[in-house]
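Please look through the structure below with its charged side chains in mind.

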Amino acid sequence: MGARCPAVSLFWPLRHVEAAGTPRQLAKMKLLVADGNVTIPDGVQIEVKARAVRVKGPRGTLQRDFRHLAVDMYLFEEEGEKKLKVECHFGKKKRLAAIRTACSHVQNLIKGVTKGFEYKMRLVYAHFPININIEDKGGRVEIRNFLGEKRVRNVVMLPGVTIKRSEAVKDELILEGNDIENVSRSTALIHQQCLVKNKDIRKFLDGIYVSESGLLSKEE
């Protein structure tokens, strides 16, 4: 008998054509140039130097370093509006995602220096009331009597964050600041100090939880 041709060779051209048009292959293509823009409102000044962004507004100054991202950042004007452009050359999936990430961070900086951020936390307890003492003009909070424990828990707010009691709602704390990361991380530090240990967390729901978050200045 003559040599038998392998069956796989008959279907190889078809498989090759199908694979060439799959979304997986198209996703690996590099874009020549991809960009994103951030509009700078009136009353806000932005400085960009070596991918280090500094934003100055009515509430203060914030800065952030983007040197770890493989993008280009520069200012330009379009139709009388100042804008910040974030560009990426020959980028794939992860580098293209960094464009939107950088734009979102700059937008949060702008919101912080113009309106500020506010987080609200509620004290939750079933039997032992949680006692709160605010010290250092809102820079530190003492948590006492959590689950009846004698230990005093101290949480120092991150730079630029202040904490106060709510005058309208009982057992509510309000954290305010310009930097959304410092404000949110301060709430996380408070929450982590009041975790229930060695008990069923479905039954023991005591703690301090974030109930609301948003802008400090609600008006547009």
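The structure holds 11 salt bridges, a salt bridge being a side-chain nitrogen of Lys or Arg within 4 Å of a carboxyl oxygen of Asp or Glu. This is a predicted model, in which local features need pLDDT of at least 70 and side-chain atom pairs count only at pLDDT 80 or more, while totals for chains, interfaces and linings use all residues. Residues are numbered from 1 along each chain as its sequence is written, and side-chain values use heavy atoms, with hydrogens and water left out.

One of the salt bridges joins the side chains of Glu212 and Lys120, at 3.8 Å from N to O. Glu212 belongs to strand β13 (residues 207-215) and Lys120 to strand β7 (residues 117-124), so this pair ties together parts that are 92 residues apart in sequence. Helices (H or I, at least four residues) and strands (E, at least two) are DSSP runs, numbered from the N terminus. Glu212 is partly exposed, because its relative accessible area is 38%; buried means under 20% relative accessible area, exposed over 50%, and partly exposed in between (1.4 Å probe, protein chains only).

Another salt bridge is made by the side chains of Lys164 and Glu176, at 3.2 Å from N to O. This pair links distant parts of the chain, with Lys164 in strand β11 (residues 161-165) and Glu176 in strand β12 (residues 172-177), 12 residues apart. Which of these two side chains belongs to a residue that is buried? Glu176 is, because its relative accessible area is 17%. Lys164, at 40% relative accessibility, counts as partly exposed.

Asp200 and Arg202 also form a salt bridge, with their closest N and O atoms 3.1 Å apart. Asp200 is partly exposed at a relative accessible area of 34%, and Arg202 is exposed at 72%. Elsewhere, Asp136, Arg140, Glu142 and Arg144 are linked in a network of salt bridges.

Now to the strands. Strand β3 (residues 52-57) pairs with strand β4 (residues 60-65) in the antiparallel sense over 6 bridges; two strands pair if DSSP finds at least two bridges between them. β3 and β4 form a hairpin, with 2 residues between them. Within this pairing, Lys56 has Thr61 in β4 as its bridge partner.

Glu77 lies in strand β5 (residues 72-78). With a relative accessibility of 58%, Glu77 counts as exposed. The C-alpha atoms of Glu77 and Ile40 are separated by 9.9 Å, and the two residues are 37 residues apart along the chain.
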